[in-house]
Amino acid sequence: MFDAQSFIEESIEELKAKITQTAIIACSGGVDSTVAAVLAHRAVGDLLHCVYVDTGFMRKGETQEVEQMFADAGIDLITVDASDRYFDALVGVTEPEHKRKVIGEMFIRIFEEEQVKVDAHCLVQGTIAPDWIESGGGVRDTIKSHHNVGGLPEDMTLEVVEPLRELYKDEVRDLARALGIKVAERQPFPGPGLAVRTLGDLTKERVAVVRECCAIVEEEFQAASERGEMDLPWQYYAALLPVRSVGVHGDVRAYGETIVVRAVKSMDGMSARYSEIPHSILQKVSTKITNACKGAVNRVVYDITHKPPGTIEWE
Ligand code: XMP
C-alpha cells in the first residue's frame, strides 16, 4: 500500500539535499509536473522557478486554468508563449517519433533560455515510471519517446532531478490529494499535447479543430456522467486523422477529414480497455463535432481498441 504522507516527507528531505542552487521546473499543469512542482517548492521555496510553456498544443482554456491553479497554490509561474516557434519547427514533420523528438528538444532549448535568465543549475521533472519504461528504459522495446524522456538532447547542461520517477499514475494522484492540489482528478494529458492528436500536417487550423473536438468530448462525457448516464472514463479525447472522405452538407458535397473519439479505462496507463460509451452520447458528440467543424470534419468514428495492442494516444 502506497503511503503518500511518508513519501511526501521523504521526498521533501531528498529534494532539499539535491537542490542546493537555483532550479527550474517545467510545469504543464498536468498531475505529474504539478505534484513535482509543489513538492520541490515545499522543499526549496523560491530557489525553484516554475515555467509553463504554451506550446500552442494546449487544450481550450488550459493556459488560464494552469495560471489560476498555481496562483491558488501560492506559487509564482512564468508563462512562455512559444507557439510560433513550435509550429515553425514542426512544418512538414508528421512521423510520430520525429515529432516527439522535435517537441522534446524545443522544450529543453526553451528551458535552457529560462535557465540562463534565472541562473538555474537544475531541472526538476515530473517523469513517472511508465514514461521511462515505455521509452525503452527497461527491458522493453521503445514504444514511444515520451517527450520528457526520449526527447532529451545529449548536450543538455542542466542536472535532472525526478522525484516521481518510481511512481505510477494512481500513486501520483494519491500524492496530489494528500498535498491538497486541485489537479488530483484531472485526466492525463500527454506532454506533446494536441500535437500527438493531430495526425498529418501540424497547422494552427488543424490543431484548432482538435482543440474544439477535445473540448466537446470532455464537456459531453462530463455532463453525461453528472447525469448518471455513464461512468467517466480514465481518459477521453478526440484526435484528427488525415483521412478524407466524401460527405454531404445540405446539398453540397463535402470532402473533409475524420475525427476519432477515444475513451479508455485504465489504472496506470500501462494497459487500458476501451470504454463502452452509450450510443446516444456518442451520437450527440458526433453531431456537435460535425456542426462545430463544418467543412473541416465530416466523419466521426469511435476507437474500440484495447491497449495492447493499441496505445492510448494515436501517436
Ligand atoms: P500511450 O499512448 O503510450 O499513453 O498508451 C499512456 C499514457 O501516457 C500519456 N502520454 C504521455 N505523457 N508525455 C507524457 O507526459 C508523453 O510524451 C506522453 N505520451 C503519452 C497518454 O496520454 C496516456 O495517459
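**Domain interface, ligand surroundings and backbone geometry**

The structure holds 17 salt bridges, and the model in which they occur is a predicted one. One of these pairs joins Glu13 to Lys16, with 3.6 Å between the closest N and O atoms. Glu13 and Lys16 both belong to helix α1 (residues 4-18), and because they are three residues apart there, about one helical turn separates them.

The domain assignment divides the protein chain into domain 1, covering residues 4-179, and domain 2, covering residues 197-302. The C-alpha centres of domain 1 and domain 2 are 28 Å apart. To the contact, domain 1 contributes 19 residues and domain 2 contributes 16 residues. About 1,500 Å² is buried between domain 1 and domain 2, and 58% of this area is on carbon and sulfur atoms. Within domain 1, the residues that lose the most area to domain 2 are Arg59, Lys60 and Phe87, which together account for 34% of what that side buries.

Three salt bridges are counted between domain 1 and domain 2. Arg59, already noted for the area it loses to domain 2, forms a salt bridge with Glu218, in which the closest N and O atoms are separated by 3.4 Å. Six residue pairs, both members at pLDDT 80 or more, are in polar contact across the interface of domain 1 and domain 2. On the side of domain 1 that touches domain 2, at least two residues come from each of the helices α4 (83-89), α6 (129-137) and α7 (169-179). By residue class, this side of domain 1 comprises eight nonpolar, two polar and nine charged residues.

The ligand has 16 residues around it, of which Arg100, Lys144, Gln235, Lys307 and Glu313 come nearest. In the side chain of Arg100, an N or O atom is 2.7 Å from an oxygen atom of the ligand. For Gln235, the distance from a polar side-chain atom to an oxygen atom of the ligand is 2.6 Å.

Asp119 is situated in the loop that runs between α5 (96-118) and β4 (122-124). These features stand out because most residues other than glycine have a negative phi and most peptide bonds are trans.

How values were computed: Residues numbered from 1 in each chain as written. Predicted model: local features only at pLDDT ≥ 70, side-chain atom pairs only at ≥ 80, totals over all residues. Heavy atoms only, no water. Domains from an automatic or database assignment. Contact = heavy atoms within 4.5 Å. Buried area = accessible area lost by both parts, 1.4 Å probe. Salt bridge = Lys/Arg side-chain N within 4 Å of Asp/Glu carboxyl O. Polar contact = N/O pair within 3.5 Å; in protein donor to acceptor, adjacent residues only side chain to side chain. Helix = DSSP H or I, 4+ residues; strand = E, 2+ residues; numbered from the N terminus. Nonpolar A, V, L, I, M, F, W, Y, C, P; charged D, E, K, R; others polar. Near = heavy atom within 4 Å.
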